[in-house]
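Please open the structure in your viewer and keep the selection panel at hand.

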Amino acid sequence: MKKIFLNHTNHPSDKWSKEQIAAAEKFGEITDLPFPSIPPEFDKDEVDEKVDENLKKILELTILSLW
């Protein structure tokens with residue numbers, strides 16, 4: 001099983017300090033998934049759609065790491 005450290009932020013790991021990278025790598029391979037941009041004019045349905053898309057990506061990454 002491949003372990004990953006999911007960095008789900010808008011702070012790419014290639015900009016992290018050496019210490020931050022070393023600490024994260026103790027949990028697994030660092031995988032960046034930027035937090036989605038959600039425009040302020042989005043209504044609830046549009047936000048829900050973004051959430052669903054993002055959740056699908058997270059699940060794909062984490063399920064793939066199990067194999």
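**First stop: the aromatic cluster**

Select Phe5, Trp16 and Phe27, which together form one aromatic cluster. Please note that the model on the screen is a predicted one.

How many aromatic pairs does a search of the whole structure find? The search finds 2. For one of them, keep Phe5 and Trp16 in view: this pair is edge-to-face, with 6.1 Å from centre to centre and 85° between the planes. The pair links distant parts of the chain, since Phe5 belongs to strand S1 (residues 4–7), while Trp16 sits in the loop between S1 and helix H1 (18–25), 11 residues apart. Is Trp16 buried or exposed? Trp16 is buried, because its relative accessible area is 17% and the limit for a buried residue is under 20%. Phe5, by contrast, is partly exposed, with a relative accessible area of 26%.

Now select Phe5 together with Phe27. The ring centres of Phe5 and Phe27 are 6.2 Å apart and the planes stand at 40°, so this pair is tilted. Because Phe5 lies in strand S1 and Phe27 in the loop between H1 and S2, the pair ties together parts that are 22 residues apart in sequence. Phe27 itself is exposed, with a relative accessible area of 57%.

**Second stop: Thr31**

Select Thr31, which has its place in strand S2 (residues 29–32). Thr31 is buried, with a relative accessible area of 16%. Which residues are in contact with Thr31, leaving aside its neighbours within four places in sequence? They are Ile4, Phe5, Leu6, Asn7 and Leu61.

Side chains of opposite charge can pair when their charged atoms come close. In this model the count comes to 2 salt bridges.

Select Lys2 and Glu29, whose side chains meet in a salt bridge at 3.7 Å, N to O. Lys2 lies in the segment before S1 and Glu29 in strand S2, so the pair ties together parts that are 27 residues apart in sequence. Both residues are partly exposed: Lys2 has a relative accessibility of 42%, and Glu29 has one of 44%.

Next, select Lys44 and Asp48. Their side chains also meet in a salt bridge, here at 2.7 Å, N to O. Lys44 and Asp48 both lie in helix H2, 4 residues apart, which is about one turn of the helix. Lys44 is exposed, with a relative accessible area of 60%, whereas Asp48 counts as partly exposed at 31%.

**Last stop: the whole chain**

Clear the selection and colour the chain by secondary structure. The chain comes to 2 helices and 2 strands, and from the N terminus on its elements run β-α-β-α. Is the chain more spread out or less spread out than a compact globule? The chain is more spread out, because its radius of gyration is 14 Å, well over the 11 Å that the globule rule gives for 67 residues. Along its principal axes, the C-alpha trace spans about 40 × 30 × 10 Å.

Display the surface to complete the view. The chain exposes about 5400 Å², of which carbon and sulfur atoms supply 60%. Buried residues make up 19% of the 67 residues; Trp16 and Thr31 are among them. Finally, consider the contacts in the chain with a separation of 6 or more: residues 24 or more positions apart account for 63% of these.

Note on methods. Residues are numbered from 1 along each chain as its sequence is written. This is a predicted model: local features need pLDDT of at least 70, side-chain atom pairs count only at pLDDT 80 or more; totals for chains, interfaces and linings use all residues. Side-chain values use heavy atoms; hydrogens and water are left out. Buried means under 20% relative accessible area, exposed over 50%, partly exposed in between (1.4 Å probe, protein chains only). Contact means heavy atoms within 4.5 Å. Rings of Phe, Tyr and Trp (its six-membered ring) pair if their centres lie within 6.5 Å; planes under 30 degrees apart count as stacked, over 60 as edge-to-face and the rest as tilted. The radius of gyration is taken over C-alpha atoms; the globule rule is 2.2 Å times the number of residues to the power 0.38. Accessible areas come from the Shrake-Rupley method with a 1.4 Å probe; for residues, only the protein chains shown count as cover. A salt bridge is a side-chain nitrogen of Lys or Arg within 4 Å of a carboxyl oxygen of Asp or Glu.
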